[in-house]
Amino acid sequence: MIITDTHTHLYSDAFNEDRAAMMQRALEAGVSRFFIPAIDASHTASMLQLEADFPEHVFLMAGLHPTSVKENYKEELRHVETQLATRSFVAIGEIGIDLYWDQSTLEIQIEAFRQQIQWAKQYKLPIVIHCRAAFDEVFQVLEEEKSDDLFGIFHCFTGTLAQAQQAISYQMKLGIGGVVTFKNGKIDQFINQIDLQYIVLETDAPYLAPKPYRGKRNESAYIYKVAEKLSELYDVSVEEIAKVTTENSKAVFGI
């Protein structure tokens, strides 16, 4: 059984003390494909080191996270542009809009999101979207930029059924993680109305650990709990969840 974690920050300082052991736990749990989103230039070196340490399992994205869109965002975007021109990546992400932490940067967040979407089209890469308290704003940009060559993953999807269907209409898969196991997560109430072909698994480690680890450091091995919950909701085996979601991840990333 192969499980794919489509979104995990394995280079995070949270894993500095036990990264090798954490990776081994994940591999023993059947997780053998790890897709690594970027945040900003300060994390590039640690991402490259992670790839060097686990070359058969780790796949890197390039991008500028919306909460890192600050006064120096143009410099950060130049870094992304240079990275894309220098070597290959599997996606542009995570990119998008986050109005939970700072609404004052909306205008430049939209600019950065749009620029990175255009690079994704140029390089024929998927995008991985971060959206927090900003569904309307993200959907507006996707509506304006939609095209046959725009596709990807709506990371950490926590919206409504209608918003899920709208995201899918823009050729996005839904990244489902620990929130589906939360009592107040709400997506467990409707996710089985979405065909499994539109679902991929993720952890967002070290964040958003599923039950029974909620509130603790998340790690990729815990994705099994997400697969178990989806198995229950879709009334299929964990093996089927792993198989279909891994195939879906291959359809997005091309590997």
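Leu208 lies in the loop between strand S8 and helix H7. The structure is a predicted model, in which local features need pLDDT of at least 70, side-chain atom pairs count only at pLDDT 80 or more, and totals for chains, interfaces and linings use all residues. Residues are numbered from 1 along each chain as its sequence is written, and side-chain values use heavy atoms, with hydrogens and water left out. Helices (H or I, at least four residues) and strands (E, at least two) are DSSP runs, numbered from the N terminus.

Phi of Leu208 is positive, near 55 degrees, and the residue is not a glycine. Leu208 is partly exposed, at 33% relative accessible area. Here buried means under 20%, exposed over 50%, and partly exposed in between (1.4 Å probe, protein chains only). Pro206 is found in the loop between S8 (199-201) and H7 (223-234). The peptide bond from Ala205 to Pro206 is cis, with omega near 10 degrees. Pro212 is also in the loop between S8 and H7. A cis bond joins Lys211 to Pro212, with omega about 5 degrees.

Asp235 lies in the loop between H7 and helix H8 (238-253). Its phi is positive, about 60 degrees, although Asp235 is not a glycine. Asp235 is exposed, with 69% relative accessibility.

Helix H3 (residues 73-86) packs against helix H4 (residues 106-123) at an angle of about 10 degrees, with the axes 11 Å apart. Axes are lines fitted to C-alpha atoms, for helices over the stretch in contact, and angles run from 0 to 180 degrees between N-to-C directions. H3 is therefore roughly parallel to H4, a term for angles under 35 degrees. Contact (heavy atoms within 4.5 Å) involves residues of H3 including Leu77, Val80 and Leu84, and residues of H4 including Ile108, Ala112 and Trp119.

The buried residues of H3 are Tyr73, Glu76, Leu77, Val80, Gln83 and Leu84. They cover an arc of only 115 degrees around the axis, so they sit on the same side of H3. The arc is that of the directions from the helix axis to the C-beta atoms. On the other side, Glu75, Arg78, Ala85 and Thr86 are exposed. The cover over the buried residues of H3 includes helix H2 (44-53), strand S3 (58-62), strand S4 (91-98) and H4.

His155 is found in the loop between strand S6 (152-154) and helix H6 (161-169). His155 is buried, at 4% relative accessible area. Among the residues that His155 touches, not counting those up to four places away in sequence, are His7, Glu94, His130, Glu202 and Asp204.

Definitions and conventions
Angles under 35 degrees count as roughly parallel, over 145 as roughly antiparallel, 65 to 115 as roughly perpendicular and the rest as oblique.
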